[in-house]
Amino acid sequence: MRIEGVSKLFGAFQAVRDVNLTVGKGEIFALLGGSGCGKTTLLRMLAGFEEPSAGRIFLDGQDMTGVPPWERPVHMMFQSYALFPHMSVEKNVAYGLKHEKMTKAEREERVRGMLDLVQLTQFAHRKPHQISGGQRQRVALARALARQPKLLLLDEPLAALDKKLREQTQFELMSIQERTGVTFIVVTHDQEEAMTLADRIAVMDKGEVRQSGTPTEIYEYPNSRFVAGFIGSITSFDGRVTAVEGDLSRVDVPGLGTEIVARSVAGAPSGQEVTVALRPEKVTLTREKPEGPNAIAGEIKDIAYFGKDSLYRVTLPSGGLIAVHGVNAKRAEAGRPDWYDKVWLSFDPAAAILLTE
Ligand SMILES: Nc1ncnc2c1ncn2[C@@H]1O[C@H](COP(=O)(O)OP(=O)(O)OP(=O)(O)O)[C@@H](O)[C@H]1O
Ligand SMILES: [Mg+2]
């Protein structure tokens, strides 16, 4: 699917602004963004329920302008997927085939295959209220896949599920996608879900795509403060580049009370104001002063213990705070940093993200 310069205006309100994206065959692509950023509107244009105000959408090279939803090889699973409460699981799935020209035997065969795919064969005769939320989710998915679309658009498919079930269903969704080879575009506002599910992600804000790329690219190489802050957590500081020495730059960061060494980025020459973003898991906390650059003294102010790991908030000499993540590999580790301990923080130059936008 190729999306070229697509915009959508509702009156004077711009819901989607100049979106350019290409989604490859068999890919799971996530549209990620906060509430109201235009995710559903973009999906509805892909499905044909809404015409773009500008731009064009191509599927398999074919321009979709003016092609009605039912003639597109696309199926959209809505944000609140509606199963028919009075129909059995089997009938719900078969409903997706209502408009297909098929014999009864072909239809039954298709439904059987779909139920098998989503592992609900044994529940074929139950009604939606007699199965769990995750199972209902899979019925909706089976119904959507029954027509064998080339492209399946899923709007917040897992939002109704609790955390555990959502994680489990994420993996099922991925395995179903792998087995069918159907291209998935999944809308979510949950960044972890996008990271888990998707081959590539587009991060949206106020109708615009701010960055698209693989989960690793987006997480490790965010292009802006917005994306860095939206995906994962960061502590950011204002700084100014004082020297660029090839791959490494020196950056004066008053908030850290020192000059640091960071990996150089394009567009940040000497003198450039930058934001230095540090992710909690990329900062190491030690009692002794470490060798090398980027060693900063601090004092532990807060500890949030999560069991498998802890999040420390450390006061810096400048008075600022930084979040540092520690893994609790050992049980009741002796000498684990405690409240008000004086500690050292350090990070690799490559771990400091320099942002100019
Ligand atoms: N038919 C419409 N007329 C006017 N404004 C609309 C219409 N549909 C959507 N909008 C507005 O466009 C913006 C984007 O809406 P959209 O439903 O695409 O958001 P979303 O990213 O899917 O949000 P959510 O995560 O809450 O579902 C919102 O500000 C919404 O109020
Ligand atoms: Mg929506």
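The buried residues of helix H4 pack against strand S6 (74–77), helix H2 (89–95), helix H3 (104–117), strand S7 (151–155) and helix H5 (163–180). Helices (H or I, at least four residues) and strands (E, at least two) are here DSSP runs numbered from the N terminus, and a residue is called buried if 20 or more other C-beta atoms lie within 10 Å of its own, exposed if 12 or fewer, and partly exposed in between, with C-beta atoms placed from the backbone. The model is a predicted one, in which local features need pLDDT of at least 70 and side-chain atom pairs count only at pLDDT 80 or more, while totals for chains, interfaces and linings use all residues. Residues are numbered from 1 along each chain as its sequence is written, and chains are lettered from A and ligands numbered from 1 in the order in which they are written.

Helix H4 is mostly covered, with eleven of its 14 residues buried; among them are Arg136, Gln137, Arg138 and Val139, as well as Ala142 and Leu145. The end C-alpha atoms of H4 are 20 Å apart, which agrees with the 20 Å that its 14 residues should span at 1.5 Å a residue, where the expected span is 1.5 Å times one less than the number of residues. Alanine 142, when its neighbours within four places in sequence are left aside, is in contact with Val93, Met114, Leu115, Leu117, Val118 and Leu120, a contact being a pair of residues whose C-beta atoms, placed from the backbone, lie within 7 Å.

The largest nonpolar core holds 90 residues, of which Leu46, Ala142, Leu153, Ile185 and Val276 touch the most other members. Such a core is a set of buried Ala, Val, Leu, Ile, Met, Phe, Trp, Tyr and Cys residues joined through C-beta atoms within 7 Å. Helix H4 (residues 133–146) supplies the largest share of this core, seven residues, and at least three residues of the core come from each of domain 1 (2–226) and domain 2 (233–355). These bounds come from an automatic or database domain assignment, and the centres of the two domains, taken over C-alpha atoms, are separated by 39 Å.

Two residues with positive phi were examined in turn. Glutamine 148, found in the loop between H4 and S7, has a positive phi of about 50° although it is not a glycine, and with 15 C-beta neighbours inside 10 Å it counts as partly exposed. Aspartate 60 lies in the loop between strand S4 (54–59) and strand S5 (62–63); its phi is also positive, near 50°, and it is exposed, with 11 other C-beta atoms within 10 Å.

Ligand 1 is surrounded by a shell of residues including Phe10, Phe13, Gly38, Lys39, Thr40 and His189, where a residue is near a molecule if its C-beta atom, placed from the backbone, lies within 6 Å of it. Strand S2 (13–22) and helix H1 (39–47) are the elements that give two or more residues to this shell, and H1 provides the largest share, three residues.

For the protein chain as a whole, there are eight helices and 20 strands, and buried residues make up 36% of the 357 residues. The C-alpha atoms fill a box of roughly 75 × 50 × 35 Å, taken along the principal axes. Among contacts between residues at least 6 apart in sequence, 64% join residues at least 24 apart.

Definitions and conventions: Contact = placed C-beta atoms within 7 Å.
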